[in-house]
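User: Please walk me through this structure one feature at a time. Start with the general idea, then show me the case at hand.

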Amino acid sequence: MTSDADVFRRRVIAIVRRIPPGEVATYGDVADAAGYPRAARAVGNVMKSCSTPGVPCHRVVAAGGRLGGYGGNESLKRALLRAEGLAVTTKRITNFADRRWRNRRSSRP
DNA sequence: TAATTGACTTCGC
DNA sequence: GGCGAAGCCAATT
């Protein structure tokens with residue numbers, strides 16, 4: 001059944017899978033790409049339930065270049081992002097602005 | 001069915 | 001610069 005929630009989850013997963021290596025996207029960006037610019041939290045929930053392999057959840061970070069959660073293992077997330085070619089510090093991504101995956105429908109002034 | 005939680009975001013103090 | 005509160009969406013209990 002294509003429940004709205006299922007579609008949302010499917011959409012989020014599809015979008016996250018579309019994130020190219022070496023780039024990252026924020027929960028808000030993924031939510032926006034999914035059609036719900038305010039569903040950043042919902043994206044987090046979907047990620048937590050992401051039983052779908054091939055989904056680079058570690059490429060999804062919080063806004064402002066912060067790491068976010070990743071199950072609490074932000075150290076692991078930091079290592080993965082660094083392996084992707086990103087400059088990550090203990091709390092945020094240094095070149096986040098340059099590595100941010102542009103997927104938003106409208107550019108923000 | 002209703003209420004709570006959660007890997008968020010943003011503004012205010 | 002750090003902490004707190006409010007707002008939004010979906011999943012879970």
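**Reading the model**

Analyst: Let's begin with F8, which is buried at a relative accessible area of 11%. Buried means under 20% relative accessible area, exposed means over 50%, and partly exposed is in between (1.4 Å probe, protein chains only). One caution: this is a predicted model, where local features need pLDDT of at least 70 and side-chain atom pairs count only at pLDDT 80 or more, while totals for chains, interfaces and linings use all residues. As for bookkeeping, residues are numbered from 1 along each chain as its sequence is written, chains are lettered from A and ligands numbered from 1 in the order in which they are written, and side-chain values use heavy atoms, leaving out hydrogens and water.

User: What does the secondary structure of chain A come to?

Analyst: Helices (H or I, at least four residues) and strands (E, at least two) are DSSP runs, numbered from the N terminus. Chain A has five helices and two strands, in the order α-β-α-α-β-α-α from the N terminus on. Of its 109 residues, 39% count as buried.

User: How many of the contacts with a separation of 6 or more in chain A come from residues 24 or more positions apart?

Analyst: Contact means heavy atoms within 4.5 Å. In chain A, residues 24 or more positions apart account for 59% of the contacts with a separation of 6 or more.

User: At what angle do α2 and α3 pack?

Analyst: Two packed helices are described by the angle between their axes and the distance between the axes. The axes are lines fitted to C-alpha atoms, for helices over the stretch in contact, and angles run from 0 to 180 degrees between N-to-C directions. Helix α2 (residues 27-34) and helix α3 (residues 40-48) pack at about 95 degrees, their axes 8 Å apart. Angles under 35 degrees count as roughly parallel, over 145 as roughly antiparallel, 65 to 115 as roughly perpendicular and the rest as oblique. α2 and α3 are therefore roughly perpendicular to each other. On the α2 side the contact is made by Y27, G28, V30 and A31, and on the α3 side by A40, V43, G44 and M47.

User: Is α2 buried or exposed?

Analyst: α2 is mostly covered, with eight of its eight residues buried. D29 is among the buried residues of α2, at a relative accessible area of 2%. Just after α2, G35 takes a positive phi of about 110 degrees.

User: Which residue forms a salt bridge with D29?

Analyst: Side chains of opposite charge can pair when their charged atoms come close. For a salt bridge, a side-chain nitrogen of Lys or Arg must be within 4 Å of a carboxyl oxygen of Asp or Glu. A search of the whole structure finds two. In one of them, R100 pairs with D29, the closest N and O atoms being 2.7 Å apart. This pair links distant parts of the chain, with R100 in the segment after α5 (96-99) and D29 in helix α2, 71 residues apart. R100 is partly exposed, at 22% relative accessible area.

E84 and R59 also meet in a salt bridge (3.1 Å, N to O). E84 lies in the loop between α4 (74-83) and α5 and R59 in the loop between α3 and β2, so the pair ties together parts 25 residues apart in sequence. R59 is buried, with a relative accessible area of 12%, whereas E84 counts as partly exposed at 23%.

User: Where is V61 placed?

Analyst: V61 is in strand β2 and is buried, with a relative accessible area of 0%. Its C-alpha atom is separated by 6.3 Å from that of Y27, 34 residues apart along the chain.
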